Amino acid sequence: MPMLAIAALAAITFAFRLAGPLLQERVAVPATAQRLFTSAAAVLLVALAATSALTAGHDFAGWARPAGVAAAGLLAARRAPFPVVVLVAASVTALLRLAGIH
Amino acid sequence: MRLQWRTNQASDSALVRDVALVCLADGIVGVSFGATAVAGGLPWWVPVAMSLLVFAGGSQFAAVAVVLAGGSPVAAVTAGAVLNTRLFPYGLAVSDVTSADGPSRTRRWAARLLGAQLVTDESVAFALRHTDPARRKAAFWTCGATLFTVWNIAVPLGVLAGTAVRNTAAFGLDATFPAVLLALALPTLTDGRTRVAALGGAGAAVALTPLLPAGLPVLAALGGLAALWRPRRRPRSAEDSGTHQRPAEHAIPVRSDC
């Protein structure tokens, strides 16, 4: 990963961050478009959670990681504090691997 | 007056507590990121530079994952950039809090640029909890600044840990990132259509992962947005359709600070 690639990603990311506040001052973004962007963000978050939980490279990541993430997801749905959610994800995954389930 | 002061004090300490909890969780994720990147074979400065300059956990993990899976730097940047497109609607949602008061043009721009860099899933989620402008501002800047500090301490710590312990998988660190994403995403899945869109999109992304180059499957998930489309009866005339420019005073909120 060359420095140029990191700089490019940083510049693109910053442009996305700044575009919202700058645009808001100049044009009216329709409410429908804002809602669509919000839904798109939710869809992307869930898709990234699913692929990073279930896959490694082009293959299945094994059972331990998705099991840990699922346990964490259940706790998150019950409004458990964030650190608990994260620690449960790591612990369940680590314990399963210790037990020989990968 | 006194009651107001007490209420503010109570919500201030609630804000500090909530921000601390989120930052602690993200600190663990930051350690995981630094450790995963270095244990995968990347030099130490890659995760450190990314955390300072990009400062968007999801795209950092995605870009590093692409590179570690053998993908090209272009594919890595594309994957990260695509994920960060969500920062655009975030910026729209919090544009009132990233601006600053004051007569100095330079200071206003500095605050705006700094505020933009602090736009993250977390800081925006905190800002959106409040309707009062002062409280929105306090929530956004407290969370954003704390998170930036914690993240950029946690990642180098992770680099050290990853250098010492090559087998990060044994500690289940790879499960922390999807867990945080899921915990952040759950509160946004409020209505049924968004849930269908997200589940459909996630299913498609996972199914396409063996077939497509890294980074593209997550993009393909946007196809799930089709679930949001609903046929509507067209309004009778173009006048009612909302396609014409609305009067500026309705479209742009009047702000006292600009």
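This is a predicted model: local features need pLDDT of at least 70, side-chain atom pairs count only at pLDDT 80 or more; totals for chains, interfaces and linings use all residues.
Chain A contains 4 helices and 2 strands. Along the sequence, these elements are arranged in the order α-α-β-β-α-α. The radius of gyration of chain A is 19 Å, whereas a compact globule of 102 residues would have a value near 13 Å. Along the principal axes, the C-alpha atoms of chain A occupy a box of roughly 60 × 40 × 25 Å. Of the 102 residues in chain A, 50% are buried. Among contacts in chain A with a separation of 6 or more, 39% are formed by residues 24 or more positions apart.

In chain B, the secondary structure consists of 13 helices and 0 strands. The pattern read along the sequence of chain B is accordingly written α-α-α-α-α-α-α-α-α-α-α-α-α. Buried residues account for 44% of the 258 residues in chain B. When contacts in chain B between residues at least 6 apart in sequence are considered, 68% of them link residues at least 24 apart.

Within chain B, helix H3 (residues 57-68) packs with helix H4 (residues 73-84) at an angle of about 160 degrees, and the two axes lie 8 Å apart. Because angles over 145 degrees count as roughly antiparallel, H3(B) and H4(B) are roughly antiparallel to each other. Their crossing is right-handed. On the side of H3(B), the contact is made by Gly58(B), Ser59(B), Ala62(B), Ala63(B), Val66(B) and Val67(B). H4(B) contributes Ala75(B), Ala76(B), Val77(B), Ala79(B), Gly80(B), Leu83(B) and Asn84(B) to this contact. By residue class, the contact of H3(B) with H4(B) comprises 9 nonpolar and 4 polar residues, with no charged residues.

The contact between the chains involves 83 residues of chain B and 64 residues of chain A. On the side of chain B that touches chain A, helix H10 (residues 176-185) of chain B gives the most, with 10 residues. This side of chain B is divided into 60 nonpolar, 19 polar and 4 charged residues.

One helix pair spanning the two chains is formed by helix H1 (residues 3-26) of chain A and helix H7 (residues 105-117) of chain B. These helices pack at an angle of about 125 degrees, and their axes are 8 Å apart. H1(A) is therefore oblique to H7(B). The crossing of H1(A) with H7(B) is right-handed. In H1(A), the residues of the contact are Phe14(A), Arg17(A), Leu18(A) and Pro21(A). These residues meet Arg112(B), Ala116(B) and Gln117(B) in H7(B). The contact of H1(A) with H7(B) includes 4 nonpolar, 1 polar and 2 charged residues.

Helix H7 of chain B also contains Gly115(B). Gly115(B) counts as buried because 24 C-beta neighbours lie inside 10 Å, the criterion for burial being 20 or more. Between Gly115(B) and Leu52(B), which are 63 residues apart along the chain, the C-alpha separation is 14 Å.

How values were computed. Residues are numbered from 1 along each chain as its sequence is written. Chains are lettered from A and ligands numbered from 1 in the order in which they are written. Axes are lines fitted to C-alpha atoms, for helices over the stretch in contact, and angles run from 0 to 180 degrees between N-to-C directions. Angles under 35 degrees count as roughly parallel, over 145 as roughly antiparallel, 65 to 115 as roughly perpendicular and the rest as oblique. A crossing is left-handed if the near helix is turned anticlockwise from the far one by less than a right angle, and right-handed if clockwise. Two residues are in contact if their C-beta atoms, placed from the backbone, lie within 7 Å. Ala, Val, Leu, Ile, Met, Phe, Trp, Tyr, Cys and Pro count as nonpolar, Asp, Glu, Lys and Arg as charged, and the others, Gly among them, as polar. The radius of gyration is taken over C-alpha atoms; the globule rule is 2.2 Å times the number of residues to the power 0.38. A residue is buried if 20 or more other C-beta atoms lie within 10 Å of its own, exposed if 12 or fewer, and partly exposed in between; C-beta atoms are placed from the backbone.
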